[in-house]
Amino acid sequence: MTDKRKEATKKVDERTEDGVKTTHTKQAALVSNRIEQDDRASFFDLRTTTGQILFIVVTIAAVTLVQCLPNDSIKSLLKLQLPQQHCKPEVQLVEKKIVTHESRPKYWVFGRNPTGGHLLHVHNVLQRIGIEQTSNDTTDWDLLWAHDYPFRKLNLQRMKRHQLVNHFPGSGYITNKVDLSTTKLQYIPAAFKLPAETAQFREYAEANPDKQFVQKHNQHRHIQIKRIDEIDFSNNGTFIQEFIDDPLLVDGYKFDIGVYTVITSIDPLRVYIYKGDILFRYCPVPYYPFNATNVDKYIVGDDYLPTWEVPSLKPYYTKYGFGMKDSFDAYVRSTGRDPTTIWEQVEDAIRLLILKKEPLFTGLLSRYAYKRSFFEMMRFDLVVDNKLKVHLMEANMSPNLSSAHFKPNRLLYEQVIYNLFQLVGVGSSIRRDSFRKQQSDTEAMLTSLKNLATAANLCSELPCTESCAPVECQLCSTCMEESDLDDLRRAYREHMNCGDMKRIFPVPKADQHRIDYESLSAKNQFMSRWFEEKCKVDHSYC
C-alpha cells in the first residue's frame, strides 16, 4: 500500500513538473513573440535610431528616382505605363561668381566746405567716369579738385608726375577782379585802382563828362552807380570802372554772358571754350525806365531771370529744345542782326587777356616739379552793348556749378564738367587704376609718332635732312626733343578728346589775323606751326 502510494505521488510530481515546464515554455514563447513584434514596430518608429536611418535612406532613394525619371514619366506611371527613356539624372551647374573690388583712380576735394551741395555735379560726373573719392589725408591720389585756391595752404611743389590739380599757380592774375579790370585791353572798360589811381580817374572823368561809373570791390559786393562826389577814394581794395549805359536788351532786360574757359597748358599755351552752351543771366527788372538806385535793373545777382522766363526766348528753349546760346542767337537774327560778330569778339577778348597774363604764370610754374600737373576752368563774364560790342567784365576762378537755385542748369553744368574731364584726360575709355603712364603698347595705341609727324616733304629734303637749325625744320621728328614730343602728345590727345570744347589758342586758321605771330613766345610759335601743318592734311585742326 505504501509502495503504491509512493508511486502515485511520484507520478503526480512528474505531472506537476511537466506542467510547470510547459507553463514556462509557453511564457518564454509569448515573451519572444512580443520582443519580435516590438523590434518590428521600432524599425519604423522615427523616435528610434533605426527608424530615422530608414527614413533617410528611403528619402534619398525617392529623390534619386524622381531625378532619374524623364519629364513625362510621372504621367506614364499614373497611366500604368512604363517610361521608355533610360535614367539620365539632370545635373544642374551652379556658377559661382567671385566679386572683387576693382581699383580705380582717386580724387579728393579741397575747400572750406568739401562736402557741400555746391560740388554735387562735380562728384556726380567723377563717379560716372570711374573716379572714386578718397580721404583728404592720403598722398595716394590722382586728382585734386580745389574749390578754393590751394597753393597757399597745400605744398604741391613736389607732386607725383601723374597727379593733376584743377588750378594753375597764379590763376588770380586773371580772376582777381581788380587786376583784371585794370588790365589795359581793348575789350575791358576803363578802370582805376583806388586810392593809387585817383588822379588818373579824375582826369578821365573830366575828359568824359557823359560817362557813368560804378565802384566795385574784389569780392563783387555792393556794386552801384555813383556820382563822383559819392565815391570813397580812400577805400583800399576797390576800383572805379566805366559803366556800360547802352546795353543790348532782350525784351527790355539787360543780361550778361558766362563763357566756360579751359586752360590746359602754359608755355606752350592752349586755351579752349565750351561751345555746347553759354550761361545767360538776365536782370530781374526791365532796364527802362532807368533808375540808378534800383540795382536789379543793371546788376545780375543770384536771383537773376533765367532764359526760360524771358518771353521771346522761352519758345526756343522750352518748346523747340535749344540751349541758351542758340535761343539768344535765334532772337538776335529775328531782329535782323548777326550774332556771329558777338562770338568772334568773345573769343578774341578771352584769348588776348590770357595771352597777356601768360608770362606771369610761366614764372610761377618754374617753382614746381612738373608744370604739366595743372589745368584751369574759369568762367568769363561779358556784357554786350546795343552796337553789339563786347565788354569783358570779370573771370571767376571757381564758377558756380550748383543747380540748387535753377534746376534746369544741371544739364549745362554736368556737360561742362564732363567735357572738361574728357579734354584734360581725367576721363578715359582705357581701363586703369590711376593716371600713371600706361604700358608702352597702350601709350603707343593712344598716341604714336605718326600721329605727331608733320611736313613730310620738308623734313625729307635739304636743309632739314642735314640740320635742325632752320626754323622750318624744328617740327621734324628728327629735330624734336622729348619735351617737345610730350607737348605734342598732349595737344594731339586734347584734339582727339575735345568733344564740345573749341580751341581758341593756338588760334584757328580763320582767326589768325587777330594775333601778332611774332609777338608770341618761342614755344607758342612752335605749337602754332604744328597746328598749321596738321591743318594742311586734316581740316579738323583748322
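Does Gln345 count as buried or exposed, and at what relative accessibility?

Modeller: This is a predicted model, where local features need pLDDT of at least 70 and side-chain atom pairs count only at pLDDT 80 or more, while totals for chains, interfaces and linings use all residues. Numbering starts from 1 along each chain as its sequence is written, and side-chain values use heavy atoms, with hydrogens and water left out.

Gln345 counts as buried because its relative accessibility is 14% (buried is under 20%, exposed over 50%, partly exposed in between, with a 1.4 Å probe and protein chains only). The residue sits in helix α10, residues 340-365 (helices are DSSP runs of H or I, at least four residues, numbered from the N terminus). A polar atom of the Gln345 side chain lies 3.1 Å from the backbone oxygen of Thr341. Setting aside neighbours within four places in sequence, Gln345 is in contact with Tyr187, Leu388, Lys389 and Val390 (heavy atoms within 4.5 Å).

α10 gives eleven residues, the largest share, to the largest nonpolar core, which holds 99 residues (buried Ala, Val, Leu, Ile, Met, Phe, Trp, Tyr and Cys joined through side-chain atoms within 4.5 Å). Ile174, Tyr282, Phe328, Phe380, Phe421 and Val426 touch the most other members. Take Ile174: leaving out residues up to four places away in sequence, the residues touching Ile174 include Leu353, Ile354, Lys357, Phe361 and Phe380. There's also a second, separate core of 13 residues, with Leu475, Met480, Leu485 and Leu488 among them.

Methods
Helices (H or I, at least four residues) and strands (E, at least two) are DSSP runs, numbered from the N terminus. A polar contact is a pair of N or O atoms within 3.5 Å; within protein, one must be able to donate a hydrogen and the other to accept it, and residues adjacent in sequence count only if both atoms are side-chain atoms.
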